[in-house]
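Work through these exercises with the sequence and the 3D view side by side. Try each task before you read its solution.

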Amino acid sequence: MADVGAPAPPGSGPATRLLDGRPGVDLSAVGRRAARIGGPALAVTYLSLLVLLPLAALLSNALSGGPAAFWRAVTQPEAVAALELTLVASLIVALVNSVAGLAIAWVLVRDQFRGKALVSALIDLPFALPTVVAGLTLLALYGPDSPFGVNLAGTRLGIGCALAFVTLPFCVRSVQPVLAELDRETEEAAASLGAKNTQVVRRIVLPSIAPAVLAGAGLAFARAVGEFGSVVLISGNLPFKTEVASSWIFSLSQSGDLSAASAVSVVLVLISLSVLLAIGWMRRRFDAPETV
Amino acid sequence: MSIIVDGVSKRFGDAVALDDVSLEVPTGSLTALLGPSGGGKSTLLRIIAGLDEPDRGSIRIEGEDLTGTPARKRGVGFCFQHYAPFRHLTVRRNVAFGLEIRRRPKAEVKARVDELLELVGLSHLGDRYPSQLSGGQRQRMALARALAIEPKVLLLDEPFGALDAQVRQQLRQWLRELHSTLHVTTVLVTHDQEEAMEVADRLAIINHGRLEQLGTPAHMYDHPANEFVLTFLGPATELDGAWVRPHDLVVHPAADRPDHPKARQGTVARVTHLGFEVRVDVDLDPEGSCWVQLSRGAAGELDLQPGDRVWVARTDVPADDEPPPSVVEEHHERHLVTVPPLS
Amino acid sequence: MTGRWRWPLRIGALGYLAVLVALPVGTVFYRAFDHGLAAAWDAITTTDALHALWLTVLVACIAVPLDTIFGVGVSLILARHRFPGAWLLDAFVDIPLALSPVVIGLSLILVYGKTGWFGNWLAARGITVIFSVPGIVMASAAVALPYVVREVLPVLQELGTEQEQAARTLGAGPWAVFRRITLPNIRRGLAYGITLTTARVLGEFGAVAIVSGAIAGKTETLTLYISDSIENLDPAGAYTGAVVLALFALAVLTVLTVTDRRRESWHGRAAK
């Protein structure tokens, strides 16, 4: 008599013996096999339908009129102006917010005061708030009805404010955990070797958090070049003055010129992807090498 | 005297870390601060270094009162248990750090770094990063880095605690040799009594924030000031209400009664072979138990089995009833609890 | 913290934060209730506003669960299995983070619009995606795709397989293992991810603007309603709508603060 509960011989597939000796189907094996094939297939399908196919269509559409049409769409004066404005503004905002983000992270990690949790929540606010609401609030405060008497509507500074608002969390949250986990002993070691506080910060702390600051700046930049909702209200979208790339793409698609819109979109995507890749490369290069 | 600690006390919130500790570290010596974890040794070391401040008391280094002075002005070299390497700098730059801060000329810095790397055996690893070194190599780098600034005293906070047993052994001997070459006053914090006794000229035992005893390892082993020091520094077992070292006991078979009038009868409970030593646990008549440490040869000759009837006697005190001399270390009476001496 | 720098740093950092973030948000509430509670109530209960609210909630109720199931599934796949191209899947999931929402919307039109790749196929079956609710759902799901994965995957990777293996040796099948071992352990990361996803979906503007045609009363989400109101010089509508969304954002913030997640997860996968 066969052993009760003996495992099925290899290769026999779902058919097996149940614990009481009766022959049966091992549902878990069937389930596992289905999951192993079906799972990734479903995931890839979802991803394709929502992201991959559309991106492919974007690329294809951008080139659908041939390289000449692509070039024309991209070098159109309004497109160039919009791209230029977007890049410069995003760069400046990324730099400013890197510094501000570092300062805020420093205060959060190394300073003690009541209400820290509130400050922390405040930093996440731009991330939780819909972009259009962000734009509205900035408009309310620094637009035509501003209680301060400033009017940033239709100005590049207004755009800068909107971009700074939405990208601040990236700059703070990328630095904060690294700063918090810094080994204080290395700072004490530096102090015991004679370094003053400023020297400790400059020579020991900053180099250690530089990769994180860089990563935050990269994320901020990538977000800023694509930002739409918060900018659109305060900028007024004045061509050649306050029209950012995403607004230009939007108006192109509204007017039906989809291939031009695609062309400019492709350029925008290439820019943010290259920045992210470059930052990744720099981090890998400048991070102290790790042992196996 | 290189370091004079006078009446130092420190609390963290409600917890007392150090309670009125005073001690002196002779110039050129290697003193170990020994004690159980959490006893206050690291706190004391950090106070000497200037990384923490005492609530009360003072620190003098080479005659100078440095109590209020920050760490960077004290001229002490400090090594951490986890090395505190500057990860973004190469080994060379790590070692050079203190000299670069002091703006020494480049040629001088290079020469000194070369010299130190040679001394600690890391010349071939100068351009690596700390993450590429083993634990032992990192600690040697940390030592080189601390020595680069020619410190008045060298302070080591459990320097070998994070290393494998074998590496620890090697580095202990290496540290001993380094010290005899350089003669820098060194204070070493450790919770490993074997390490302390092997490496240090003098021991200071610190427990619950108080200094229990100060002296040479040999003296403290044989003349512990109290029960804590006795049990901390070496194996101990009780016989007739007094503490005795297990290697100071002998076992005789029941038929062969020893001459000692205080010999006791008992039954072997267990025999454990630990390589060179053999540990024999004995249940005594009418009650109580002790254990005896025998060499392999002696145990082999006796060939004891659990259940055997035996005699147990001391070999460290004479047969008469006179109490042995006092074991209390002279300088530190005010800190020590007097307990029945070893007899 | 060193004495000399403490106050300048504090004032500078917190001042920047106040001017940039705290003030503007406070103003929205002020403006919304400027003319009193009743006026605000009227503004938010117009037909268009209510429809926008309903549409927004509907879209969230579809897009968020879809993204959540996808997110958990992909996390499980990536964390528990090795296969060639795994790194590619990982990178693809992050794509929406690097794209402008306008670009995402545009690319969806190029596939599902009348002249898009599937245009004819869909029209033949009478399905409209673009300028209609399904399009809005897809756009919202696309932009919020990465969040659940980014929160759950690191947790799964840190969790390791030992507990699951132990459960299997004790006789648990795959579903039981998931329900009793995996799920309880990823609960926090999952909650955080779902919260971020919902926030993103509710707040999406650019992609939805392109894809929906912003037809008031039909395909306008709340965010579109706000922008429309401003353009139609109806600030009351805009601000009250903004308050509704801001209130939700504050709820999100509370969840974020309370679950107190380490921020490493969504920044650890930075530069790709």
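This is a predicted model: local features need pLDDT of at least 70, side-chain atom pairs count only at pLDDT 80 or more; totals for chains, interfaces and linings use all residues.

Residues are numbered from 1 along each chain as its sequence is written, while chains are lettered from A and ligands numbered from 1 in the order in which they are written.

**Exercise 1. Describe the overall build of chain B.**

Step 1: count the elements. Chain B holds nine helices and 17 strands. Helices (H or I, at least four residues) and strands (E, at least two) are DSSP runs, numbered from the N terminus.

Step 2: find the domains, whose bounds come from an automatic or database assignment. Domain 1 of chain B covers 3-228 and domain 2 covers 250-312. Their C-alpha centres are 43 Å apart.

Step 3: take the dimensions. Along the principal axes, the C-alpha atoms of chain B fill a box of roughly 80 × 45 × 35 Å.

**Exercise 2. Work out the strand order of the four-stranded open sheet in chain B.**

Step 1: read the order. It is S2-S1-S4-S5 of chain B, with antiparallel pairing. Strands pair if DSSP finds at least two bridges between them.

Step 2: look at the edges. S2 (15-25) and S5 (64-65) of chain B each have a single partner strand, so one side of each lacks a neighbour in the sheet.

Step 3: check one pair. S1 (residues 3-12) and S4 (residues 56-61) of chain B are joined by five bridges. B:Val5 stands opposite B:Ile59 in S4(B).

**Exercise 3. Find how H8 and H10 of chain C are arranged.**

Step 1: compare the axes, which are lines fitted to C-alpha atoms over the stretch in contact, with angles from 0 to 180 degrees between N-to-C directions. H8 (residues 146-159) and H10 (residues 174-203) of chain C come within 7 Å and cross at roughly 170°.

Step 2: name the arrangement. H8(C) is therefore roughly antiparallel to H10(C), a label for angles over 145 degrees.

**Exercise 4. Describe the side of chain C that touches chain A.**

Step 1: count the residues. 73 residues of chain C are in contact with 78 residues of chain A. Contact means C-beta atoms, placed from the backbone, within 7 Å.

Step 2: find the main contributor. Helix H1 (residues 3-32) of chain C gives the most to this side, with 17 residues.

Step 3: sort by type. This side of chain C has 52 nonpolar, 14 polar and seven charged residues. Ala, Val, Leu, Ile, Met, Phe, Trp, Tyr, Cys and Pro count as nonpolar, Asp, Glu, Lys and Arg as charged, and the others, Gly among them, as polar.

Notes. Two residues are in contact if their C-beta atoms, placed from the backbone, lie within 7 Å. Angles under 35 degrees count as roughly parallel, over 145 as roughly antiparallel, 65 to 115 as roughly perpendicular and the rest as oblique.
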